[in-house]
Every structure is written in structure tokens, then in C-alpha cells.
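Biologist: Could you walk me through this one and tell me how each label gets decided?

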Amino acid sequence: MTFDVRRFDIYRKVPKDLTQPTYTGAFISICCCFFMLFLFLSELTGFIATEIVNELYVDDPDKDSGGKIDVSVNISLPNLHCDLVGLDIQDEMGRHEVGHIENSMKVPLNNGHGCRFEGEFSINKVPGNFHVSTHSATAQPQSPDMTHIIHKLAFGEKLQVQHVQGAFNALGGANRLQSNALASHDYILKIVPTVYEDLGGKQRFSYQYTVANKEYVAYSHTGRIIPAIWFRYDLSPITVKYTERRQPFYRFITTICAIIGGTFTVAGIIDSCIFTASEAWKKIQIGKMS
């Protein structure tokens with residue numbers, strides 16, 4: 001007695017002379033091929049492309065920063081001389097620095113009557129403020145004009161990733177040229193730690209922020225008006241994380257198999273129904289003729 005492994009074949013073959021081709025079956029088959037091709041290309045596009053998944057959690061993501069945040073600022077004061085412009089920094093850890101000049105640059109504007117201030121510095125991860133003012137000038141002007149345009153105010157590493165829309169430079173483009181020349185400006189910032197993780201697992205740390213502002217006239221104890229541009233900040237305990245992901249390969253294969261199997265099954269049911277109905281109609285017509 002010989003063992004025939006063919007008995008395990010679940011895909012039994014029907015002899016070709018027992019099958020019957022039809023125009024309806026051919027039309028359905030062609031439609032199925034185009035339909036499966038369309039779904040396959042759609043799934044392939046989704047598999048190749050990456051998606052950005054975001055989540056929120058409570059933690060300090062950049063523990064290796066030494067408790068510091070890098071700040072980059074670029075602001076133009078078209079009616080204030082560069083000799084009068086200075087940056088002051090203070091926070092709740094006791095830091096109080098007047099006239100910060102490290103990694104900063106002043107560019108004259110309007111034939112020397114104005115100034116563009118660019119600077120990069122670090123702040124501690126505690127509530128505090130930094131402000132552009134005339135406090136560090138050797139001689140205080142009688143009526144300093146603090147009208148300004150903020151070109152850039154960003155925290156942490158520069159993060160420019162497609163499909164990630166965030167408030168990384170929320171004050172960029174802020175125009176206060178039409179404000180009261182002697183008014184002080186208060187920008188209250190809520191800094192939100194942000195992490196971006198790419199497909200390779202590399203993380204980049206940046207910060208988004210929300211902003212509210214007010215404008216007022218401030219007087220010193222001598223009665224003089226000493227305006228300034230204040231940036232008062234506090235850190236949010238919530239961290240936003242963006243993770244770049246790609247669809248797993250096994251899921252792509254599973255979807256393709258489902259597309260092929262499902263399409264053939266549904267198409268077979270439709271073809272069988274049409275063929276059965278056609279044969280029944282032919283028998284009815286033959287019965288009428290007889």
C-alpha cells in the first residue's frame with residue numbers, strides 16, 4: 001500500500017474541459033485585476049510613507065542638558081540706538097545678569113538710529129525672565145522708543161520636520177511698530193518641552209511655547225518712564241513627544257493577502273450569482289418556447 005501525499009491537496013484542480021468561460025466572468029475578472037492593483041498601490045504607498053504619532057507625558061525629557069535651555073532671539077528696534085540696547089537675564093535661582101553680551105550681535109539700522117539685536121544664551125529650567133532694555137546703558141535716554149519687530153524667539157534645538165506643526169517660533173513676525181513708543185511690553189510665555197524621535201531612534205529636544213502679551217507704561221521710583229520688552233517664562237510639566245513610525249512589514253503582507261483573497265471571493269460570489277440567474281432565465285425561455 002503506497003502513501004499518496006496528493007490526498008492532502010485542498011486546491012483540487014478541475015479539468016479544463018469541464019469549465020465554461022463567459023463574457024460576464026471575463027468582465028468581472030478584468031475589473032478585479034484593476035481593483036486589486038489600485039488597492040495594492042494604495043497599501044504600498046502607505047507602507048513606504050512614515051506617520052507621526054504624538055503623545056503627552058509628565059517628565060523632563062532632556063536630563064543631560066544640565067538644567068539649561070538654549071534661547072535664540074532676533075529683534076529689531078528701528079528707533080533705538082545700538083549703544084542703548086542691552087539684554088538682562090534673571091530667574092528664581094538668583095541669577096541676575098545686566099547687559100548680557102556673550103554670543104550676541106548688534107546691527108545698526110536706519111543709518112544708525114535703530115538696531116537689530118541677535119543673541120543666543122542659556123536660561124535655567126526655573127521661572128524667570130529676560131528683557132531687552134536700556135538698563136545696561138551708561139547714560140539713560142530721555143525718551144527711549146521700544147517699538148519693535150520680533151523676527152525670532154526659539155528655545156532648544158531647531159526642529160523642522162514635515163507634518164509637525166508646532167509653535168516653535170510663536171512670536172516670529174510680531175510687529176509692535178504702531179504701539180506707544182514709551183510703553184513696556186510684557187510677553188508671558190509657557191514653555192512646553194518637545195521631543196522628536198525618528199525611525200532610527202535618535203531623539204531631538206526642542207521647546208514649543210504659548211504666549212500672551214500686554215502693553216503698559218511703567219514709571220521708575222524717580223518718576224521717569226523706563227520702557228522695556230519683557231519675556232517672562234515658566235515651564236510646563238507636560239512633555240509633547242512626536243514619534244516617527246512606519247507600518248510593520250507583516251501587517252503590509254497581511255493586508256495584501258486580505259485584498260487578494262477578499263476580492264477573489266466577492267468576485268466569485270457575484271459571478272456565480274450572475275451565471276446562475278442567467279442559466280435560470282435561459283431555462284425559463286426554453287420552457288416558454290416549448
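Predicted model: local features only at pLDDT ≥ 70, side-chain atom pairs only at ≥ 80, totals over all residues.

Biologist: Which residues of H1 are buried?

Modeller: Gly25, Ile28, Cys32, Met36 and Phe47 are. To be called buried, a residue needs a relative accessible area under 20%.

Biologist: What makes cysteine 82 and cysteine 115 a disulfide?

Modeller: The cut-off is a pair of cysteine sulfur atoms within 2.5 Å. Here the sulfur atoms of cysteine 82 and cysteine 115 are 2.3 Å apart, and they form a disulfide. A search of the whole structure turns up one disulfide.

Biologist: What does that bond tie together?

Modeller: Cysteine 82 sits in the loop between S2 and strand S3 (86-91), while cysteine 115 is in strand S6, so the bond links parts 33 residues apart in sequence.

Biologist: Why is the disulfide called right-handed?

Modeller: Because the torsion about the S-S bond of cysteine 82 and cysteine 115 is about 100°.

Biologist: Are those two cysteines buried or exposed?

Modeller: Buried means under 20%. Cysteine 82 has 9% relative accessibility, so it counts as buried. Cysteine 115 has 0%, so it is buried as well.

Biologist: How do you know that cysteine 31 is in no disulfide?

Modeller: The nearest cysteine sulfur, in cysteine 32, is 7.2 Å away, and a disulfide needs sulfur atoms within 2.5 Å. At 37% relative accessibility, cysteine 31 is partly exposed, since that label covers values between the 20% and 50% cut-offs.

Biologist: Why is cysteine 273 too far for a bond?

Modeller: Because its closest cysteine sulfur, in cysteine 32, is 14 Å away. Cysteine 273 has a relative accessible area of 48%, so it is partly exposed.

Biologist: Now the largest pocket: what is its volume, and which residues are closest to its centre?

Modeller: The volume is about 390 Å³. Of the 23 lining residues, Lys152, Ala154, Glu157, Lys158 and Leu159 are closest to the centre.

Biologist: Which strands supply at least two residues of the lining?

Modeller: Strands S2 (68-77), S6 (114-124), S8 (149-156) and S11 (203-216) each do. S8 gives the largest share, four residues.

Biologist: How do the lining residues divide into nonpolar, polar and charged?

Modeller: Nine are nonpolar, nine are polar and five are charged.

How values were computed. Residues numbered from 1 in each chain as written. Heavy atoms only, no water. 1 Å grid on protein atoms, 1.4 Å probe; cavity = no way out; pocket = protein on both sides within 12 Å on 5 of 7 lines; lining within 4 Å. Points joined across faces, edges and corners; volume = space filled by probe spheres on them. Nonpolar A, V, L, I, M, F, W, Y, C, P; charged D, E, K, R; others polar. Buried < 20%, exposed > 50% of the residue type's maximum accessible area, 1.4 Å probe, protein only.
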